[in-house]
Amino acid sequence: MSKFVGSKTKATVWMVENGKVRSRLDQLTIEEPLEIRLVSPRRTVAVTMRTPGADFELAAGFLYGEGVISSRDDVQRISYCVDGEQRYNIVNVALNSGLNPDLQSLERHFYTTSACGVCGKTSLESLRMLGCEVVSSGLKVTPDIIYSLPDQLQAAQGVFKATGGLHAAALFDAQGKLLSVWEDVGRHNALDKLIGSALLTEQLPLNNHIIMVSGRSSFEILQKCTVAGVPIVCSVSAPSSLAVSVAKEFGITLIGFLRGERFNLYAGMERICVEE
């Protein structure tokens, strides 16, 4: 388990209201770089801006989503770097001997930001090259189950309540029960933490679960969910056109603008029990 080193900090802010100014203490989300390194072959595979906490899960989820590892058994050890002193912004991942992953696809990741996530991989062919298959799942849910997800997500976002500056990814079971919530300054990082946790606890594939993310559904969000076998993906905002293409290509039910008792279905209507 990775060390929790704090996800928020205090700062003085000046509030201007009705033409008057006053100072007060506010809480901000911490954003720091995390370097993900492979031990053998020794190389840095990514540097991402993230909120500290669940760093091992983030690293595992990132490597899984990129096809570097395919199961918990591929990972021998995940640890923070110790180079004279403990460095909580560098994670070392030791793969099992005999594993020889293709690392060419990781060249673009030397630096990624929390705002855009993993950028540059913008074709369906890249997912086919990872060996992704159509998501196989008999999961069907009612609209009422979908309607219940946002309130559960919001109630569970502890750090967001304090700072207002975090994205979240939540995992639900087939009955719409909240199983876990992962927060980060980047929504892609939050999803990596969720999937990485499932990988390290040997719960993959997630083919009988629902994932909901704050913000919009991008190509990267759908890429990670496709690799993890997620049949239903929801968001509070709009999906991108490429996200819709991925959902249609790989059999994912994609829901957007999930607010109150309303949502838009962009793909996979067969999993939602509705009257036409």
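1. Glutamate 202 counts as exposed, at 56% relative accessibility; buried denotes under 20% relative accessible area, exposed over 50%, and partly exposed the range in between (1.4 Å probe, protein chains only). Glutamate 202 lies in the loop between α6 and β9, where helices (H or I, at least four residues) and strands (E, at least two) are DSSP runs numbered from the N terminus. Its phi is near 55 degrees, a positive value in a residue other than glycine.

2. The model is predicted: local features need pLDDT of at least 70, side-chain atom pairs count only at pLDDT 80 or more, and totals for chains, interfaces and linings use all residues. Residues are numbered from 1 along each chain as its sequence is written, and side-chain values use heavy atoms, with hydrogens and water left out.

3. The loop between α6 (187-200) and β9 (210-213) also holds proline 205. The peptide bond leading from leucine 204 to proline 205 is cis, with omega near 0 degrees.

4. A positive phi is also found at phenylalanine 257, where the value is about 50 degrees although the residue is not a glycine. Phenylalanine 257 belongs to the loop between β11 and β12 and, at 25% relative accessibility, counts as partly exposed.

5. Six strands form an open sheet with mixed pairing, in the order β8-β7-β9-β10-β11-β12. Two strands are taken to pair if DSSP finds at least two bridges between them. The edge strands, each pairing on one side only, are β8 (178-184) and β12 (264-267). From one strand to the next, the twist averages 20 degrees; axes are lines fitted to C-alpha atoms, for helices over the stretch in contact, and angles run from 0 to 180 degrees between N-to-C directions.

6. Strand β11 (residues 253-256) pairs with β12 in the antiparallel sense over three bridges. Within this pairing, glycine 256 stands opposite asparagine 264 in β12. Helix α8 (residues 241-250) packs on the sheet and touches both β11 and β12, contact being heavy atoms within 4.5 Å. The direction of α8 makes about 65 degrees with that of β12.

7. Zero disulfides are found in a search of the whole structure, a disulfide being a pair of cysteine sulfur atoms within 2.5 Å. Cysteine 225 is in no disulfide, and the nearest cysteine sulfur, that of cysteine 234, is 9.9 Å away. Cysteine 225 is buried, with a relative accessible area of 0%. Cysteine 132 is likewise buried, at 16%.
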